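This briefing is intended to be read alongside the sequence and the three-dimensional view.

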Amino acid sequence: MNVLSAPISPLHSLLGRITGDAKHAPSAHSTLDVLWVLYDRVLRITPETVDEPDRDRFLLSKGHGPAAYYAVLAAKGFIPEKWLDDLGGWDSPLGHHPDRMLIPGVEAGTGSLGHGLGLAVGTALGLRAQGYDRTRTFVLVGDAELDEGSNHEAIAYAAAIRLPLTTIVIDNQSSTHGWPGGIPQRFPGWSADVVDGRDHDQIERALRNRTGRPHLVVATVESKRG
């Protein structure tokens, strides 16, 4: 098990530089490992290829509390580390929700819960229509966010057309209503992996899994709240 190994250690100091978003700290910490594995081991994108049409795409639908996302982008060279010291400043590019017009590497502005998965479906559909067969689309969705009805339309459509899309759900037991049978039951027609959200090797194997239909990765983490 590769849990919080050496490569992720610098992220904690980077994350610690971000202040002013304390109420969303659990959200940030619950996503840190998945985001690091995604950018460090899986995504075909670098600061030099952020505009290449055949790059992989990642959308952060769980737009609240993007501190972990910013820390990973800084660690991988997409943004300067000094930006982390001024989250939400009047002239800072780092807002309380990611802004694709201000932050290199951000594919979509998010924050309104329930929008990201639909945007990811449209992104994956457009890429397939253009013939980018190697290009993959990933979206990270919060478990409570699944209570938004628009997600179920996106889930059903992706399954019907066997869209090459990977959805990551951080399961920290914050969902308002819960769901009989667990989160995979919300994704009929999708393949699914359930992994330890702190085990980097498990996360990597699940994210690399290509099944010929949309794929769900549920990363379970313990959280006090959020």
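Rings of Phe, Tyr and Trp (for Trp, the six-membered ring) count as a pair if their centres lie within 6.5 Å; planes under 30 degrees apart are called stacked, those over 60 edge-to-face, and the rest tilted. By this criterion, a search of the whole structure, which is a predicted model, finds 5 aromatic pairs. Two of these topics, the aromatic pairs and the sheet, involve parts of the chain described in turn below.

**Aromatic pairs**

- Tyr39 and Tyr69 form a tilted aromatic pair, with 6.3 Å from centre to centre and 50° between the planes.
- Because Tyr39 belongs to helix H2 (residues 25-42) and Tyr69 to helix H3 (residues 67-75), this pair ties together parts that are 30 residues apart in sequence.
- Tyr39 is buried, and Tyr69 is buried as well.
- The rings of Phe187 and Trp190 form an edge-to-face pair, because their centres are 5.0 Å apart and their planes stand at 75°.
- Phe187 is buried, with a relative accessible area of 2%, and Trp190 is also buried, at 7%.
- One aromatic cluster is formed by Tyr39, Phe58, Tyr69 and Phe78.

**Helix H4 and its surroundings**

- Helix H4 (residues 116-129) contains 14 residues and reaches 20 Å from its first C-alpha to its last, close to the 20 Å expected at 1.5 Å a residue.
- Its buried residues are Gly116, Leu117, Ala120, Val121, Ala124 and Leu127.
- Ala120, located in helix H4, counts as buried because its relative accessibility is 0%, and the cut-off for buried is under 20%.
- Leaving aside residues up to four places away in sequence, Ala120 touches Leu59, Thr137, Val139 and Leu165.
- Ala120 and Leu59 are 61 residues apart in sequence, yet their C-alpha atoms are 6.7 Å apart in space.

**The sheet**

- An open sheet of 5 strands has the order S1-S2-S3-S5-S4, with parallel pairing.
- S1 and strand S4 (191-196) are the edge strands, each pairing on one side only.
- From one strand to the next, the twist averages 20°.
- S2 and S3 pair in the parallel sense over 6 bridges; Leu140 has Ile168 in S3 as its bridge partner.
- Helix H6 (residues 200-208) lies across S2, S3, S4 and strand S5 (215-220), and runs at about 170° to S4.

**Backbone geometry**

- Most residues other than glycine have a negative phi.
- Arg162 has a positive phi of about 50° although it is not a glycine.
- Arg162 lies in the loop between H5 and S3 and is partly exposed, with a relative accessible area of 48%.

Definitions and conventions:
Residues numbered from 1 in each chain as written. Predicted model: local features only at pLDDT ≥ 70, side-chain atom pairs only at ≥ 80, totals over all residues. Heavy atoms only, no water. Helix = DSSP H or I, 4+ residues; strand = E, 2+ residues; numbered from the N terminus. Expected span 1.5 Å × (residues − 1). Buried < 20%, exposed > 50% of the residue type's maximum accessible area, 1.4 Å probe, protein only. Contact = heavy atoms within 4.5 Å. Pairing = 2+ DSSP bridges. Axes fitted to C-alpha atoms, helices over the stretch in contact; angles between N-to-C directions.
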